[in-house]
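Welcome, and take a moment to look over the model shown here.

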Amino acid sequence: MRAELAAILEESRKKPALLIGLGVLLALAIAMPFSVNNYVLSFFNNMLGFVVMATSWMLFSGTTKYISLATAAFFGLGAYLVAGLGEFLLYPVLIVVVGLSGFLVALVVGLSTLRLSGVYFTIFTFGLTELVRQIVTWYQVKVLGSVGSYIFIESTAADIYWRMLILAIVLYCVGFLLLRSRIGLALNAIGADETVAKHSGINVMGVKLGVFALTSVFMTLTGAIMAPRWTYIDPPIAFNVIASFEVLIMALLGGVGRLWGPIVGVVPMLLVSEYLSTRFPNYFTILLGLAFMAIVYHIPGGILGVIETYWRKRRAPRP
Amino acid sequence: MSTPILNVTDLSKTFGGLKAVDALTFAVEQGETLGLIGPNGSGKTTVLNILTAAFPSDAGRVTFDGNEIAGMPAYRVCRAGIARTFQLVRPLKGMSVADNVLVGRIYGAAAEPIAPARKKVRELLDLVGLGGRAEMPVDALTYIDQKRVELARALAADPKLLLLDEWLAGLNPTELEAGITLVRSLKGRGLAIILVEHVMHAVRSLCDRCIVLTAGRCIAEGSPEAVLTNAEVKRAYLGDDGA
């Protein structure tokens with residue numbers, strides 16, 4: 001690990017322009033809330049939320065091809081934990097508790113489902129969101145005698161923005177190291193051919209379970225950090241299955257297999273869905289489905305894939 | 001005589017009503033190349049699949065390098081030192097040639113960290129004749145070259161026992177000679193090999209010893225020449241008229 005870090009430092013020393021660029025971008029990102037109005041800031045919060053979820057999704061589902069639709073389940077779990085525990089715990093403690101809960105739930109879910117292959121896993125994760133939503137609804141109605149929860153944490157849009165920014169930066173660092181490490185190689189091998197991966201010495205179940213749980217922590221934390229945007233949440237808001245699909249489409253649109261893929265997909269997708277959901281609210285899910293099919297059939301490598309192919313062709317023109 | 005690296009005792013496996021492997025007993029010595037031959041459906045690949053824990057056997061014992069390996073998950077068997085290729089070539093598509101081999105290197109018995117493993121991968125690619133194509137996507141290679149990648153991936157693990165499942169099948173005569181030379185060069189390294197093969201020319205020139213399977217049972221054992229002239233073996237392959 002130390003040797004790898006040294007290699008990364010060595011590499012970054014060779015690319016000062018990239019380093020300065022990233023630094024400037026980071027400074028701009030940190031200063032952003034001082035220069036924009038609340039509507040814009042709220043859009044950026046939304047964007048950061050989807051960037052974190054789509055990137056986390058890509059790190060597991062994009063590499064292993066285990067297509068998960070459980071994103072909304074973990075997001076909702078985070079939001080509800082904040083609603084339930086927010087008034088009792090200090091914020092840093094709350095975040096740790098939420099992160100751990102996400103990890104444990106993902107371990108249990110993973111242990112019971114990651115032996116399923118392909119479409120069965122996808123269907124289960126789809127059902128999982130609904131299951132959790134029903135359990136929370138039942139608990140609220142029968143035990144607490146209400147249909148929703150108030151969130152007693154006061155956070156300004158700027159607070160949420162900075163927290164999400166930190167989460168995004170941590171995720172990018174984790175993702176960068178993960179994809180370069182032996183685990184990253186294992187993830188890709190599992191995605192290519194799980195049987196071969198097994199017979200090549202990869203503890204397939206261990207890798208899948210570990211990375212599924214790790215990425216679920218980021219999804220759960222996103223729900224926790226974003227929750228104070230609503231002062232009141234109910235299960236349909238927190239466990240919105242459409243969000244799972246949106247995350248998946250964003251990642252595919254940007255391009256899976258690359259760390260920067262999802263972020264490229266999030267921005268256009270958000271702008272388009274913002275427009276479509278206000279203009280054609282009744283047809284939104286149909287249009288979402290069509291967009292999904294169009295991406296899978298026409299640009300399976302996503303926007304980054306298209307750009308890469310274009311560059312490769314320009315650099316090496318065919319005779 | 002040295003102790004065998006692999007000991008298989010009374011191994012059995014039934015699929016539905018079909019006895020794929022029936023009380024099979026054999027051993028492989030260190031550095032020995034054992035040919036596993038027999039007509040289609042005689043259980044050869046099933047034996048390899050049990051040895052690598054692709055599925056469990058119904059009965060029998062398998063000891064490798066002194067340890068019982070029945071019940072181990074496949075990845076542990078690989079790390080213990082058994083590497084394999086597949087009957088139908090299975091490259092890790094979407095990954096580069098070098099990364100395909102790298103997987104075998106860092107996760108196999110060698111268990112090397114990434115940086116030194118990359119160097120070793122270069123050597124192995126040179127060995128199998130793919131030196132210049134390390135960074136190509138494996139999908140872009142021809143069938144024979146993908147077979148080379150698979151062999152390099154298996155060798156990268158530093159196995160003590162290599163299982164080649166019809167690795168020479170489907171090659172043209174020139175490629176076949178190159179393939180035989182390549183496998184023969186591995187024998188010099190003290191590696192034990194189980195060769196499942198239909199190409200009799202390859203069996204004759206590579207195997208130290210052969211066992212012949214029919215319907216999951218061993219019907220003959222001995223040197224390739226002795227086994228291939230055995231009347232019962234001829235009958236198993238060609239039917240009564242051919243013998």
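Two strands count as paired if DSSP finds at least two bridges between them. Helices (H or I, at least four residues) and strands (E, at least two) are DSSP runs, numbered from the N terminus. With that in hand, S1(B) and S2(B) are an antiparallel pair joined over seven bridges.

This is a predicted model, in which local features need pLDDT of at least 70, side-chain atom pairs count only at pLDDT 80 or more, and totals for chains, interfaces and linings use all residues. Residues are numbered from 1 along each chain as its sequence is written, while chains are lettered from A and ligands numbered from 1 in the order in which they are written.

**The sheet of chain B**

- Four strands of chain B form an open sheet in the order S2-S1-S4-S5, with antiparallel pairing.
- At the edges are strand S2 (18-28) and strand S5 (67-68) of chain B, each of which pairs on one side only.
- Helix H1 (residues 44-51) of chain B packs on this sheet and touches strand S1 (6-15), S2 and S4 of chain B; the direction of H1 makes about 65 degrees with that of S2(B). Contact here means that the C-beta atoms of two residues, placed from the backbone, lie within 7 Å. Axes are lines fitted to C-alpha atoms, for helices over the stretch in contact, and angles run from 0 to 180 degrees between N-to-C directions.

**Strand partners in chain B**

- Thr14(B) stands opposite Lys19(B) in S2(B).
- The hairpin of S1(B) and S2(B) has two residues between the strands, and Gly16(B) there takes a positive phi near 60 degrees.
- S1(B) also pairs with S4(B), in the antiparallel sense and over five bridges.
- Phe64(B) in S4(B) is the bridge partner of Leu6(B), and Phe64(B) also stands opposite Asn67(B) in S5(B).
- Strand S4 (residues 59-64) of chain B and S5(B) are an antiparallel pair over two bridges.

**Where the chains touch**

- In chain B, 22 residues are in contact with 16 residues of chain A.
- Helix H2 (74-80), helix H3 (97-107) and helix H4 (114-127) of chain B each give at least two residues to the side that touches chain A.
- H3(B) supplies the largest share of that side, six residues.

**The domains of chain A**

- Chain A has domain 1 (1-32), domain 2 (60-239) and domain 3 (242-319), with bounds from an automatic or database domain assignment.
- The C-alpha centres of domain 1 and domain 2 of chain A lie 28 Å apart.
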